Amino acid sequence: MEKIINYLINTQNQKPEVAAKIASPLEKHDDIRAELERWIDKQEYPQINPLTIEGYTAEMISKLAPFMDGVGVYNFLVTLRERPENAKRIIAEGFKRK
């Protein structure tokens, strides 16, 4: 988690408490967190054996929602895992932003 929080603070200029809150959904999903940490290191999504949740990879989400950075993409994968129907509705609606 430290790598993600440091990324949010140092790259996204988030305050430490905001960074911790943004990163918190990743705490209980080791696989998603690990792939995000690789993304932070390389700034690219894995091409070989990417994590797939409900038929979607991080790269697919990033193409559907280009306004999201890697942290947003991987947090959305958490949503896909925890609330798949809600996440699929968001995808179907084209990631409408209010």
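E54 is partly exposed, with a relative accessible area of 41%; partly exposed sits between buried, under 20% relative accessible area, and exposed, over 50% (1.4 Å probe, protein chains only). You'll find E54 in the loop between α3 and α4. What you're looking at is a predicted model, where local features need pLDDT of at least 70, side-chain atom pairs count only at pLDDT 80 or more, and totals for chains, interfaces and linings use all residues. Residues are numbered from 1 along each chain as its sequence is written, and side-chain values use heavy atoms, with hydrogens and water left out.

**The overall fold**

- The chain has six helices and zero strands, and reading from the N terminus the order is α-α-α-α-α-α.
- The radius of gyration is 13 Å, close to the 13 Å that the globule rule gives for 98 residues, so the chain is as compact as a globular protein of that length.
- That radius is taken over C-alpha atoms, and the globule rule is 2.2 Å times the number of residues to the power 0.38.
- Helices here are DSSP runs (H or I, at least four residues), as strands would be (E, at least two), and they're numbered from the N terminus.
- Laid along the principal axes, the C-alpha atoms fill a box of roughly 35 × 35 × 25 Å.

**Inside, outside and charge**

- Of the 98 residues in the chain, 37% are buried.
- Among the contacts with a separation of 6 or more, 53% are between residues 24 or more positions apart; a contact means heavy atoms within 4.5 Å.
- The accessible surface comes to about 6100 Å², and carbon and sulfur atoms own 49% of it. Areas come from the Shrake-Rupley method with a 1.4 Å probe, and for residues only the protein chains shown count as cover.
- The chain carries 15 positive and 15 negative charges, and their mean positions are 6 Å apart.
- For that tally, Lys and Arg are positive, Asp and Glu are negative, and His and the chain ends aren't counted. Each charge is placed at NZ of Lys, CZ of Arg, CG of Asp or CD of Glu.

**Helix α1, one side in and one side out**

- Helix α1 spans residues 2-10, and its buried residues are I4, Y7 and L8.
- These residues cover an arc of only 95 degrees around the axis, which puts them on the same side of α1; the arc is that of the directions from the helix axis to the C-beta atoms.
- An α-helix has 3.6 residues a turn, so residues three or four places apart point the same way.
- E2 and N10 are exposed on the other side of α1.
- The buried residues of α1 pack against α2 (16-23), α3 (30-42) and α5 (70-82).

**Spots worth a click**

- Most residues other than glycine have a negative phi.
- E54 has a positive phi, near 55 degrees, and isn't a glycine.
- F95 isn't a glycine either, and its phi is positive at about 55 degrees. F95 lies in the segment after α6 (84-92) and counts as buried, at 6% relative accessibility.
- T57 lies in the loop between α3 and α4 (58-64) and is buried, with a relative accessible area of 12%.
- Setting aside neighbours within four places in sequence, T57 is in contact with P50, L51, T52 and L77.
- R89 lies in helix α6 and is partly exposed, with a relative accessible area of 41%.
- R89 and T52 are 37 residues apart along the chain, and their C-alpha atoms are separated by 18 Å.
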